Amino acid sequence: MHNTENLISILIPALNEEAGIERTISSIPKYKLHELGYSLEIIVIDGNSTDLTREIALQKGAQVIVEKRRGYGRAYKTGFDAANGEIIVTFDADGTYPVELIPKYIQWLNEKNTDFITVNRFSEIEKGAMSLLHRFGNKILSSVMRLLYSIDVRDSQSGMWIMRSSFVKRINLKSDDMSLSEEIKIIAFKFFKSLELEGRYFKRTGTAKLDTIKHGWYNLVYLFHYKKQIKFAVTAPPPPEIFEIEPKIVRKEVR
Ligand SMILES: Nc1nc2c(ncn2[C@@H]2O[C@H](COP(=O)(O)OP(=O)(O)OP(=O)(O)O)[C@@H](O)[C@H]2O)c(=O)[nH]1
Ligand SMILES: [Mg+2]
């Protein structure tokens, strides 16, 4: 990963999302972001889909990386390694997240000098976008996360994040599964300057990859398990550049 100024990397994990990938990529406000002085790279991390996801993504101008190893978290770790932008934005390939708000979120990232922003889906949920069970499970996971880690996050499972590459370079992510979503927030809110902003959540296009009970339980257990891992979450900051070190002036008495 090298760092390119004014480049935004948009990362979209996708597993059999032929129904939603086109709309998701089309809804990215490319012109608005260009007006603000940014260029874009759109990277779809495809989990070896058996439908037309890859073909549609390429047609829409995205780069496609095939990550055969299963898992949402695995896909993101591969995507982070490939991203070249100084800002990284993530969301699902199913049309659920408020992609049209990216310029606003980037403004916040810059004005508040923030490392990581997560979007709260609960601020406005379209009818039918989240089942009662799903809502209940999300609330429990978020409450447990707040209690265990003393961080103020309402939506622990949101998958839309806006962050700096300098943040991504300094963190060690463990999870290969859906629990990567809570892990990245724990690290961001405990050790970096982070914000949770109002968002929206729309009804999904295509079929869910999430098994509510299985992933819900796994993510709950992960919150407890991660307590022992958190000490490995952040790597030391890079050493200061040589020119930042104050030169020592040694005076020799001249007789
Ligand atoms: N590459 C890759 N992508 C995945 C994998 N599992 C899920 N995804 C993608 O990750 C995103 C999140 O999965 P979803 O099924 O939408 O999970 P969710 O958002 O919690 O559930 P919904 O509210 O039903 O959308 C989607 O874009 C999926 O296609 C995987 O194993 N590999
Ligand atoms: Mg989704």
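Helices (DSSP runs of H or I, at least four residues) and strands (E, at least two) are numbered here from the N terminus. The model is a predicted one, so local features need pLDDT of at least 70 and side-chain atom pairs count only at pLDDT 80 or more, while totals for chains, interfaces and linings use all residues. Residues are numbered from 1 along each chain as its sequence is written, and chains are lettered from A and ligands numbered from 1 in the order in which they are written.

## The strands and their partners

Let us start with the sheet, where two strands pair if DSSP finds at least two bridges between them. Strand β1 (4-14) makes a parallel pairing with β2 over eight bridges, and Leu7 stands opposite Ser39 of β2. β1 is also joined to strand β4 (residues 85-90) by five bridges, again in the parallel sense; here Ser9 faces Ile88 of β4.

β2 (residues 39-46) runs parallel to β3 (residues 63-66), with four bridges between them, and Ile43 has Gln63 in β3 as its bridge partner. To get from β2 to β3 the chain passes through helix α3 (residues 53-59), and this β-α-β crossover is right-handed (with the strands pointing away from the viewer, the path from the first strand over the helix to the second runs clockwise). β4 also pairs with strand β6 (residues 161-164), this time antiparallel and over four bridges; Ile87 has Arg164 in β6 as its bridge partner.

How much of β4 is buried? Five of its six residues are, so the strand is mostly covered. Buried means that 20 or more other C-beta atoms lie within 10 Å of a residue's own, exposed means 12 or fewer, and partly exposed is in between, with C-beta atoms placed from the backbone.

## Two helices with two sides

The expected span of a helix is 1.5 Å times one less than its number of residues. For α6 (residues 132-149), the 18 residues should span 26 Å, and the end C-alpha atoms are 26 Å apart, which agrees. In α6, the buried residues are Gly137, Asn138, Leu141, Ser142, Met145 and Tyr149. They cover an arc of only 130° around the axis, which puts them on the same side of α6; the arc is that of the directions from the helix axis to the C-beta atoms. Leu132, Leu133, Ser143 and Leu147 are exposed on the other side of α6.

For α9 (residues 212-225), the 14 residues should span 20 Å, and the end C-alpha atoms are 20 Å apart, again in agreement. Gly216, Asn219, Tyr222 and Leu223 are buried in α9. Seen down the axis, these buried residues fall within an arc of 125°, so they line one face of α9. On its other side, Ile213, Lys214, Trp217, Val221 and Phe224 are exposed. An α-helix has 3.6 residues a turn, so residues three or four places apart point the same way.

## Around ligand 1

Which residues come nearest to ligand 1? Of the 21 residues around it, they are Pro13, Gly47, Ala75, Ala208 and Lys209. The elements that give two or more residues to this shell are β1, β2 and α4 (72-82). A residue is near a molecule or strand if its C-beta atom, placed from the backbone, lies within 6 Å of it. By class, the shell has nine nonpolar, four polar and eight charged residues, where Ala, Val, Leu, Ile, Met, Phe, Trp, Tyr, Cys and Pro count as nonpolar, Asp, Glu, Lys and Arg as charged, and the others, Gly among them, as polar.

## Some single residues

| Residue | Other C-beta atoms within 10 Å | Exposure |
|---|---|---|
| Asn6 | 11 | exposed |
| Asn113 | 9 | exposed |
| Lys68 | 8 | exposed |

Tyr72 belongs to helix α4. Tyr72 and Leu180 are 108 residues apart in sequence, yet their C-alpha atoms are 7.6 Å apart in space. Lys68 sits in the loop between β3 and α4; 23 residues along the chain separate it from Ile45, and their C-alpha atoms are 9.6 Å apart.

Most residues other than glycine have a negative phi. Asn6, in strand β1, has a positive phi, near 60°. Asn113 has a positive phi too, of about 50°, although it is not a glycine.
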